[in-house]
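I opened the notebook to record what I looked up in this structure. The entries follow in the order I made them.

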Amino acid sequence: MDEQTPRLHVNGNLGQVDATVVPRYGGAPTFARLPRWDEVDAADVVILGVPFDTGVSYRPGARFGPSHIRESSRLLRPYNPAQDVSPFAVQQVVDGGDVAANPFSIEEALASIQQSATRVLETGASLLTLGGDHTIALPLLRAMHATHGPIAVVHFDAHLDTWDTYFGADYTHGTPFRRASEEGLLAADSCLHIGIRGPLYTTEDLDQDGDLGFQIVHSTEMDALGAPGVIERMRARVGDRPVYVSIDIDVLDPAFAPGTGTPEAGGFTSRELLAVLRGFAGVNLVGADIVEVAPAYDHAQITGIAAAHAAYELLSVLAQARSAR
Ligand SMILES: N=C(N)NCCCC(=O)O
Ligand SMILES: [Zn+2]
Ligand SMILES: [Zn+2]
């Protein structure tokens with residue numbers, strides 16, 4: 001540990017740089033100004049960045065997502081009143097840096113991402129990944145499956161991402177959950193998309209998605225169900241399976257997340273997303289990603305802040321599980 005940097009230190013866990021001593025806008029931009037992985041002996045949760053966007057079909061730029069989310073996370077404070085937990089005090093959370101993903105070979109990038117994820121999971125730590133485009137969910141699910149068996153994916157997105165191919169390519173940001181399903185990585189009767197909306201190619205997109213076993217909470221259902229109703233649907237769907245949460249930031253309305261590659265009108269507010277994420281407390285959450293943050297289209301860190309807060313709620317859910325043990 002850098003002796004010069006005053007950090008919060010609770011329950012033996014090394015926390016954030018003390019913002020009462022070192023102003024938040026200074027110092028290294030690890031997520032929430034947490035320690036790096038190499039600054040602690042052991043970690044309970046590792047945050048990994050995946051700067052990769054070779055799988056996008058429209059606006060590029062999500063390769064800059066990890067650094068933008070980290071920069072946008074400097075203001076996060078130690079205690080989360082919404083979940084009554086201090087996510088960095090009851091567990092050791094660290095920033096594991098970025099995966100070196102080849103921008104010119106998608107398959108090589110997928111292998112590197114899976115390898116880095118596996119390295120985290122082998123230590124027994126939980127993994128939270130900051131993307132990157134949605135292609136990265138596939139190698140992350142490969143690693144999750146190797147550790148936990150069939151995974152119940154709860155997928156927040158405007159898009160199904162169960163399309164077959166784009167321009168003949170198998171590995172793209174519109175196809176990760178089709179590939180994951182074909183590879184047998186998913187608990188087919190327990191997966192759920194939340195926030196789906198917008199124009200499709202044909203009605204077959206929905207039929208094929210249903211054939212793979214997915215269920216959908218459409219964005220339009222939020223008004224009638226509210227966050228509590230969506231949480232109820234999610235909890236009934238996943239039961240006590242190992243759950244992986246994949247958040248495409250475009251699940252939010254472009255008003256709340258302009259900085260993304262394939263925006264669609266009519267999405268959730270950030271308040272709605274955060275409320276649904278809090279509903280994962282008590283669910284067997286084994287890992288998560290937040291993807292598709294493309295800072296070139298962002299303004300005033302709107303999208304980055306939404307992503308950072310989504311990450312904070314997920315870390316708080318993991319903290320609750322740990323303190324309940
Ligand atoms: N944003 C993600 N992950 N996928 C969107 C793909 C939509 C399309 O190109 O038609
Ligand atoms: Zn999307
Ligand atoms: Zn997506």
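Predicted model: local features only at pLDDT ≥ 70, side-chain atom pairs only at ≥ 80, totals over all residues.

**Entry: annotated site.** I started with the UniProt record. The unreviewed entry places a "binding site" feature at H134, D157, H159, D161, D248 and D250. I checked how these positions sit in space. They spread over 117 residues of sequence, yet they cluster, with a largest C-alpha distance of 12.1 Å.

Entry: I found D157 in the loop between β6 (152-156) and α4 (176-182). Is D157 buried or exposed? I count D157 as buried because 26 C-beta neighbours lie inside 10 Å, and the cut-off for buried is 20 or more. I then listed its contacts, leaving out residues up to four places away in sequence. D157 touches H193, G195, I196, D248, D250 and V251.

**Entry: D248.** I went to D248 next. D248 is in strand β9, residues 243-248. D248 has 28 other C-beta atoms within 10 Å, so I marked it buried. Beyond four places in sequence, D248 touches H134, F156, D157, H159, V291 and E292.

**Entry: α2 against α3.** I looked at one helix pair. The axes of α2 (residues 106-122) and α3 (residues 137-148) come within 8 Å and cross at roughly 35 degrees. I noted the crossing as right-handed. From α2, the residues L110, I113, Q114, A117, T118 and L121 take part. They meet L138, P139, L140, R142, A143, A146 and T147 of α3. By class, I have nine nonpolar, three polar and one charged residues in this contact.

**Entry: nonpolar core.** Which residues touch the most other members of the largest nonpolar core? I got V46, I249 and L314, out of 95 residues. Helix α8 (residues 302-324) gives the most to this core, with twelve residues. Outside four places in sequence, I249 touches A257, T260, I290, V291, E292, V293, T303, A306 and A307.

**Entry: S86.** S86 lies between α1 (65-71) and β4 (93-98). S86 counts as buried because 20 other C-beta atoms lie within 10 Å, and 20 or more is what the cut-off asks. Leaving aside neighbours within four places, I found S86 in contact with V10, P78 and Y79. I also checked S86 against L285: they are 199 residues apart in sequence and 18 Å apart C-alpha to C-alpha.

Note on methods
Residues numbered from 1 in each chain as written. Chains lettered and ligands numbered in written order. UniProt positions renumbered as here; feature names shortened; annotations may be inferred. Helix = DSSP H or I, 4+ residues; strand = E, 2+ residues; numbered from the N terminus. Buried ≥ 20, exposed ≤ 12 C-beta atoms within 10 Å, placed from the backbone. Contact = placed C-beta atoms within 7 Å. Axes fitted to C-alpha atoms, helices over the stretch in contact; angles between N-to-C directions. Left-handed = near helix turned anticlockwise from the far one by under 90°. Nonpolar A, V, L, I, M, F, W, Y, C, P; charged D, E, K, R; others polar. Core = buried A, V, L, I, M, F, W, Y, C linked by C-beta atoms within 7 Å.
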